[in-house]
Amino acid sequence: MISGRQKVTVIKEKNNIEELKAANEEFKKHELNPEIGFRCLHYSVTESAGILTVKIIKKAEAENKRLKFGVRTIDGTANAGIDDDLGDYESIDQEIIIEEGKMETSIRVKIIDDEGVEPDEDFYIEIYDLETKQRLNGEDSKTTVTILDDDKPGIFGFETRATKVRPKDEKIRLKVVRLDGCDDDIEVKYKTIVPEYLSNPAEPTLDYLPNEGTLTFESGETMKVIEVAILQKEDRPEEEESVFAVKIFEPKYAKPEKENAPNIEKPKLGKKNE
């Protein structure tokens, strides 16, 4: 179940060693590749779309570099076609070059539209080293593609209900996901808050930088990330963990004419779990 609100806990430095190790490993999982990565970490596409276009972006640190790498699809519950079996999509395995000064490129994957009724299925696209054939480091060197037969705008919520960060972490990245449909461009507002019910609230501008804004999910996009800066405090006392929250609200169509149209299904938030 996805939630419209996520709790963020800043753990104290001298905490249970196993808890700190677990937090460290979780943080490493979400580090990004410093040079290259997928623009979106999760796409959804209907069978009838025919083609999925996936963007790969070069990071600012690599702007003046010529990058050469491979991109390939990997089966999940969705399978690539083999011989007479059309499968769910056409596999790709390509060599890609992004020249010096160019900041992005895109690849296209053909989606197969069959007549059978199937559940939502996933496959993956990853960026890999042409010499070692190994996937590049970083969470954004792999993206998930969900094939579905659904033209609803979707339900929005946080991927997880609660997240812990270490005092030395400079920021926290919170994933907002889009389920049960991915049609059209949708805007979702977000904001950091300190709920009144908290007994150990974090202090805005002291423990973290307040943040608010709007996420824009383009048609087919099913994941966005909210970043919140964690402030470093050398004299952080050994006390209870401090907590703040981030909420998302007011999902709506990006185009006013679509938002105001009668008899049209509206985007929704997932059930809030506070």
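Cysteine 182 has a relative accessibility of 4% and therefore counts as buried, a word used here for residues under 20% relative accessible area, with exposed meaning over 50% and partly exposed in between (1.4 Å probe, protein chains only). Cysteine 40, at 2%, is buried as well. The structure is a predicted model, in which local features need pLDDT of at least 70 and side-chain atom pairs count only at pLDDT 80 or more, while totals for chains, interfaces and linings use all residues. Residues are numbered from 1 along each chain as its sequence is written, and side-chain values use heavy atoms, with hydrogens and water left out. When a disulfide is taken as a pair of cysteine sulfur atoms within 2.5 Å, the count comes to zero.

Aromatic rings come next. Rings of Phe, Tyr and Trp (its six-membered ring) pair if their centres lie within 6.5 Å, and the planes are called stacked under 30 degrees, edge-to-face over 60 and tilted for the rest. Three such pairs turn up in a search of the whole structure. One is stacked, because the ring centres of tyrosine 89 and phenylalanine 123 are 3.8 Å apart with planes at 10 degrees. Tyrosine 89 lies in the loop between strands S7 (85-87) and S8 (93-98), and phenylalanine 123 belongs to strand S10 (residues 121-128), so this pair links distant parts of the chain, 34 residues apart; strands are DSSP runs (E, at least two residues) numbered from the N terminus. Both tyrosine 89 and phenylalanine 123 are buried.

Phenylalanine 156 and phenylalanine 217 form an edge-to-face pair, with centres 5.0 Å apart and planes at 65 degrees. Strand S12 (residues 155-158) holds phenylalanine 156 and strand S16 (residues 212-217) holds phenylalanine 217, 61 residues apart. Phenylalanine 156 is buried at 0% relative accessibility, and phenylalanine 217 is buried at 0% too.

Charges also meet rings. A charge sits over a ring if NZ of Lys or CZ of Arg is within 6 Å of the ring centre and within 35 degrees of the ring normal. The charged end of lysine 142 is placed this way over tyrosine 124, 4.5 Å from the ring centre, and that of lysine 247 over phenylalanine 249, at 5.0 Å.

Terms used. Helix = DSSP H or I, 4+ residues; strand = E, 2+ residues; numbered from the N terminus.
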